[in-house]
Amino acid sequence: MAFMEKPPAGKVLLDDTVPLTAQIEASQSLHSHTEYIIRVQRGVSTENSWQIVRRYSDFDLLNNSLQISTLSLPLPPKKLIGNMEREFIAERQKGLQAYLDVITTHHILSNCELVKKFLDPNSYSVNYTEIALQHVSMFFRSEPKWEVVEPLKDIGWRIRKKYFLMKIKNQPKERLVLSWADLGPDKYLSDRDLQYAVKLLSSCSHPYIYKITFATANESSALVIRPFSEKGTLKDLIYKAKPKDPFLKKYCNPKKIQGLELQQIKTYGRQILEVLKFLHEKGFPYGHLHSANVMLDGDTCKLLDLENSLLGLPSFYRSYFSQFRKINTLEGVDVHCFGHLLYEMTYGRPPDTIPVESFPPAPSVFVVSVLESILTCEALKNGMPAVSRLLQMPLFSDVLLTNSEKPQFKIPTKLKEALKISKECIEKRLTEEQKLIHQHRRLTRAQSHHGSEEEKKKRKILARKKSKRSANESGEEHSAKYSNSNNSGSGASSPLTSPSSPTPPSTAEHASF
C-alpha cells in the first residue's frame, strides 16, 4: 500500500546538519537604509558559498522569531536618528557580525528552519508543513480509520520532519503521534528494501525500544505512527519541558539546570547501552541517539526513531563527530552520542565544547570515568570504546535489570545484507566528509602559522640575510671580473669571438676606469 499517488522520486541530497558560516563582506547605503552583503558558506569548501543581502530590519525580524528560545541574543539596538552615518554603520556591522557568529555556532539555533531560511533562502524556500499535510491527507484516503487531532508544530529539530497528534476513530481517547519525513542524503537502500524494512519496524519487540503502531514508506518519504506519551522524552525530564512545546522553547534555555539522580543515570544509561548492543548484534544501523530520541515509560527508557537510519537522515550530533576521524563507524557514532547523553543526564545541560577538557563535580567518580573514555581529547584521538566495554564499567555493571520481556526482531538474510551495504555507504560518506574537514583544518593551520607575527619576523630576518648574501656574492663577482680583465691586458689569451660578436674592449679602455 502506497500513501502517495505519484510521489516525486529520490532523496534529498542536501545534508541540513552541515554548518553554515556567515561573514559580512561589505555594506551599501541606499536612500533611506543600509544593506549588508553577507557571504554564506556551507561546510569547509569555499566553492560552496553564496552572497545574500540583508537589512537591519531583516535581522530584527529573525531575532523576534527566535525570542521563543528565551536566549539573550546580541542583536545591536535600533537607532532612528543618525543611522546613516558612516561610523555608526561600521559599528553596527561589527555588532551584526557578532550576532551571526552566535546563531551559527549555537547547536540548536544553527539547525533551526528560521536561521537556515535567513542564510540560505534558495534551499529552504519550501513549506514543509504543507508538503507533510499533502502526504498525510493521501495516506488517510486509503486508511480512513485514522484522524488528525492537531499538528504538533516544531516539536522536533528536523526541518524536513513533521509531527501530528492523531486518534483512531473508534478509540477517540487514545492519542498517537504521526511523524512524516523526507528521505535524506544517507538513504542507500533500494526503494523495495526500504519499504520492506520500514514495515518490519512494527514487528520489533524489545523492552527498551518504543513500540511502533504503523509504518510505511514510498520512493520519497516515510510515515510512522506511535503512541503519544504525555510524560515525554528523557530530554523533557532533564529540561522539565512540556512535550508539545516547540523544540526551541523546550531546550534552548532551561530555567533550572539540574542533572538526574545517580540511580537514574545508572539505570537509564544501562538500558540504553543494552538496546544499542542488541541493535549492533542484529546488524541494524542506528546512529541517532540523543536524549530527545529516548522515550520515558515509567522508570524505563525506550529508544525512538529507528527508522531514521533507513531513511538516510543525518544525525543530531553529526557536526560534532564529523570533526574526529576515529569516529568512523555507526557503532562509534552511537557511543559518542551516548557520551553527549550521559553528560546531559549528569549536568542537566549539553557540554560547552567537544572535546571536554575538564568535568564539573559529578554524583560519582564512575560517571566521570565513563565520560572521560568518550569525550576527552585523548578518547577522540584514540577512538570510541565498544558498547560491551561500557557495560563492564563500574557505573553500569552492577545495575539490576528487572524487565523480563524477550527481545524479538527478525530480519531476513537478504535484508541484513542490504542493511550491511547501506551501513558501509553511510560510513564511507562520513569518512569522506571527515577527510575534507581534516585537510581544511591542516590548510587553515598552515595559513595561520604563515601569517603569524613570529613567522613574519622570521621571514624578514631570512630576507635580510639573503639580501646581504646576494650583495656579498655580487661584490665578489665584480672583483673577479675586474681581476680577469686586468690579467687579459698583461698578455693572457683573448676570448674567441664570433663574427657577429662585438669587439672586446681594449686594455686602454679598462685602464681608463
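User: How many helices and strands does the protein chain have?

Analyst: This is a predicted model. The protein chain has 19 helices and ten strands. Of its 513 residues, 48% are buried. The chain exposes about 27100 Å², and carbon and sulfur atoms supply 52% of that area.

User: How should I read a sheet, and in what order do the strands of the five-stranded open sheet lie?

Analyst: Strands of a sheet pair through backbone hydrogen bonds, in either a parallel or an antiparallel manner. Here the order is β4-β5-β6-β8-β7, with antiparallel pairing. β4 (146-152) and β7 (214-217) are the edge strands, each pairing on one side only. Neighbouring strands of this sheet are turned against each other by 25° on average, direction ignored.

User: How many bridges join β4 to β5, and which residue is the bridge partner of Glu147?

Analyst: Six bridges join β4 to β5 (residues 161-168), and the two strands run antiparallel. The bridge partner of Glu147 is Lys167 in β5.

User: Which strands does helix α5 touch where it packs on the sheet?

Analyst: Helix α5 (residues 128-142) touches β4, β5, β6 (171-182), β7 and β8 (221-227). The direction of α5 makes about 35° with that of β5.

User: What is the strand order in the open sheet of three strands?

Analyst: The order is β1-β2-β3, and the pairing is antiparallel. The edge strands β1 (20-29) and β3 (49-55) each pair on one side only. From one strand to the next, the twist averages 25°. Seven bridges join β2 (residues 34-42) to β3, and Tyr36 stands opposite Arg54 in β3.

User: Which strands do helices α1 and α2 lie across?

Analyst: Helix α1 (residues 56-66) lies across β2 and β3, running at about 90° to β3. Helix α2 (residues 86-105) lies across β1 and β2, and runs at about 165° to β1.

User: Which residues of strand β10 lie on one side and which on the other?

Analyst: In a regular strand the side chains alternate between the two faces of the sheet. In β10 (residues 300-303), Thr300 and Lys302 are on one side, whereas Cys301 and Leu303 are on the other.

User: How many residues lie between β9 and β10 in their hairpin?

Analyst: Two residues lie between them, and Gly298 in the turn has a positive phi of about 70°. Four bridges join β9 (residues 294-297) to β10, with the strands running antiparallel. Leu296 stands opposite Cys301 in β10.

User: How is a pair of packed helices described, and at what angle do the axes of α9 and α12 cross?

Analyst: Two packed helices are described by the angle between their axes and the distance between the axes. The axes of α9 (residues 262-282) and α12 (residues 330-347) come within 11 Å and cross at roughly 170°. Angles over 145 degrees count as roughly antiparallel, so α9 is roughly antiparallel to α12. The crossing is right-handed. Residues making the contact include Ile265, Tyr268 and Leu276 of α9, together with Asp334, Phe338 and Met345 of α12.

User: Where does His288 lie, and is this residue buried or exposed?

Analyst: His288 lies in the loop between α9 and β9. Burial requires a relative accessible area under 20%; His288 has 4% and is therefore buried. Leaving aside residues up to four places away in sequence, His288 touches Arg158, Asn293, Asn308, Ser309, Leu313, Pro314, Ser315 and Asp334. Asp334 is also one of the α12 residues in the contact with α9.

Conventions: Residues numbered from 1 in each chain as written. Predicted model: local features only at pLDDT ≥ 70, side-chain atom pairs only at ≥ 80, totals over all residues. Heavy atoms only, no water. Pairing = 2+ DSSP bridges. Axes fitted to C-alpha atoms, helices over the stretch in contact; angles between N-to-C directions. Contact = heavy atoms within 4.5 Å. Buried < 20%, exposed > 50% of the residue type's maximum accessible area, 1.4 Å probe, protein only. Areas by Shrake-Rupley, 256 points an atom, 1.4 Å probe, with all protein chains shown as cover. Parallel < 35°, antiparallel > 145°, perpendicular 65-115°, else oblique. Left-handed = near helix turned anticlockwise from the far one by under 90°.
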